[in-house]
Amino acid sequence: MKILYLTKYTRMAGSSRMRSYQYFPYLEKEGMKITVKPFFDEAYLKDFYAGKKNINTVLKSYLFRFFVFFTIFNYDKIVIEKEIFPFLPAFAEWILMILGIKYVVDYDDAIFHNYDKSSNPIIKKFLGSKIAKVMRYSGTVVAGNRYLADYAQKAGAKNIEIIPTVIDIKRYSSKNTGLELPPFRAGETNVSRDHTKFIVGWIGTKTTFEKHLLPCKDWIKELQKLDPEINFHIVGITEDVDLGNNVNYIQWTEDTEVSEILKMDVGIMPLQNSEWEKGKCAYKLIQYAACGIPGVASEVGMNKDVCVDNETGFIAKTKEDWIEKIQFLKNNDSARRQLGKSARQLVEEKYCIQVTAKRWIKILKE
């Protein structure tokens, strides 16, 4: 069985890596031959993460995808990440429907709000219903959460499956193993830490940092003043952005992300409360939980499904909540360990690839 994956990015980008690339070994074990053709290459991503825009790289991406489109009859199944041509009408997906190709389209965020909530009136008018059409033309929509699935249902999608963004549980050791730190594994180095410090952690990209964590600057600084033993580890940001003296900025790599999370005592996921954030799949919280680390999170979207208040972590609604919940976790070791243990159990049951790979295999074989 030959399957063409039209991802948006290479595996360098977390969304494509988690929604597509990490499944390939499981699919290949089932006899599926995977061909992946990302829209944007790594050169584009490097420029993007550096805050640069290269119009030539973008134009090359559209041209390359155009030629890939003519190879569709070489495959038994086509899986599309979000859309075939960003910011163009859904003509390519319409052609696939006319040709009787029941493609699978996958969403891990509310990309439709790029169009229907756009501040550009031209984009809003001509592309506002684009993703609804992509969903309606598809054979199956795979949605990362209920908010995305509800949109697909309203759009008239024929088949809808909810599969959250998940981790490979084999990559994640839990802090609740009876050991102070799990044994070293390939690709993970320097997991030692200063046990006199309480570490509050966050992991993400520059874009999500600026949108969601930077607005928390005041309470982050205040918390450090209230308790100098509290430190923050910001993974994914390397320059000092004035969040306080007790803040470490750490470069993200795929090989070291787990070991960096294991240094944390609590993981945080603040989100702005908007329509876009309702489509988020709480991936940071799932990563923390997989390591047996409780989370403190905003009550937005899927956050409350993973960070179950007083069961796997705490929900924070105000500045005072963030400070209070983090201080509680610092001063109550047994409660923190129990919350972390429950968080890990939740991931093992619902949010790991060992569970969801079987569902993807079934979808692709249908």
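Helices here are DSSP runs of H or I with at least four residues, strands are runs of E with at least two, and both are numbered from the N terminus. The model shown in every view is predicted.

**View 1. D242 sits in the loop between β8 and β9.** The thing to look at is the backbone: phi of D242 is near 60°, a positive value in a residue other than glycine. Most residues other than glycine have a negative phi. As for the surface, D242 has 42% relative accessibility, so it counts as partly exposed.

**View 2. N310 is another non-glycine residue with a positive phi, near 65°.** Look for N310 in the loop between α14 (303-306) and β12. Its relative accessible area is 55%, so N310 is exposed.

**View 3. D227 lies in the loop that runs between α11 (217-226) and β8 (230-235).** A polar atom of the D227 side chain lies 3.0 Å from the backbone nitrogen of E229.

**View 4. Six strands make an open, parallel sheet in the order β2-β1-β3-β4-β5-β6.** β2 (33-36) and β6 (160-162) are the edge strands; each has a single partner, so one side of each has no neighbour in the sheet. Ignoring direction, neighbouring strands of this sheet are turned by 20° against each other on average. For a closer look at one pairing, take β1 (residues 2-6) and β3 (residues 77-81), which run parallel and share four bridges. L4 has I78 in β3 as its bridge partner.

**View 5. The other sheet in these views is also open and parallel, with six strands in the order β9-β8-β7-β10-β11-β12.** Here the edges belong to β9 (247-250) and β12 (313-315); each pairs with a single strand, so one side is left without a neighbour in the sheet. From one strand to the next, the twist averages 20°. Within the sheet, β7 (residues 198-203) and β10 (residues 266-269) run parallel and are joined by two bridges. V200 has V266 in β10 as its bridge partner.

**View 6. Helix α17 (residues 353-365) has a buried side and another side with exposed lysines.** The helix has 13 residues and reaches 18 Å from its first C-alpha to its last, close to the 18 Å expected at 1.5 Å a residue. Its buried residues are I353, T356, A357, W360, I361, I363 and L364. Why do they share a side of α17? They cover an arc of only 160° around the axis, which puts them on the same side of the helix. K358 and K362 are exposed, and they sit on the other side of α17.

**View 7. R19 and D106 form a salt bridge, with their closest N and O atoms 2.6 Å apart.** R19 lies in helix α1 (residues 14-19) and D106 in strand β4 (residues 104-107), so the pair ties together parts that are 87 residues apart in sequence. Is this pair buried or exposed? Both R19 and D106 are buried. For context, a search of the whole structure turns up 22 salt bridges. Side chains of opposite charge can pair when their charged atoms come close.

**View 8. In the salt bridge between E161 and R359, the closest N and O atoms are 3.1 Å apart.** E161 belongs to strand β6 and R359 to helix α17, so this pair ties together parts that are 198 residues apart in sequence. E161, at 30% relative accessibility, counts as partly exposed. R359 is partly exposed too, with a relative accessible area of 31%.

View 9. R336 counts as buried, at 13% relative accessibility, whereas D333 counts as partly exposed, at 39%. Elsewhere, salt bridges that share partners join E81, K82 and D108 into one network.

Note on methods:
Residues numbered from 1 in each chain as written. Predicted model: local features only at pLDDT ≥ 70, side-chain atom pairs only at ≥ 80, totals over all residues. Heavy atoms only, no water. Polar contact = N/O pair within 3.5 Å; in protein donor to acceptor, adjacent residues only side chain to side chain. Pairing = 2+ DSSP bridges. Axes fitted to C-alpha atoms, helices over the stretch in contact; angles between N-to-C directions. Expected span 1.5 Å × (residues − 1). Buried < 20%, exposed > 50% of the residue type's maximum accessible area, 1.4 Å probe, protein only. Arc of directions from axis to C-beta. Salt bridge = Lys/Arg side-chain N within 4 Å of Asp/Glu carboxyl O.
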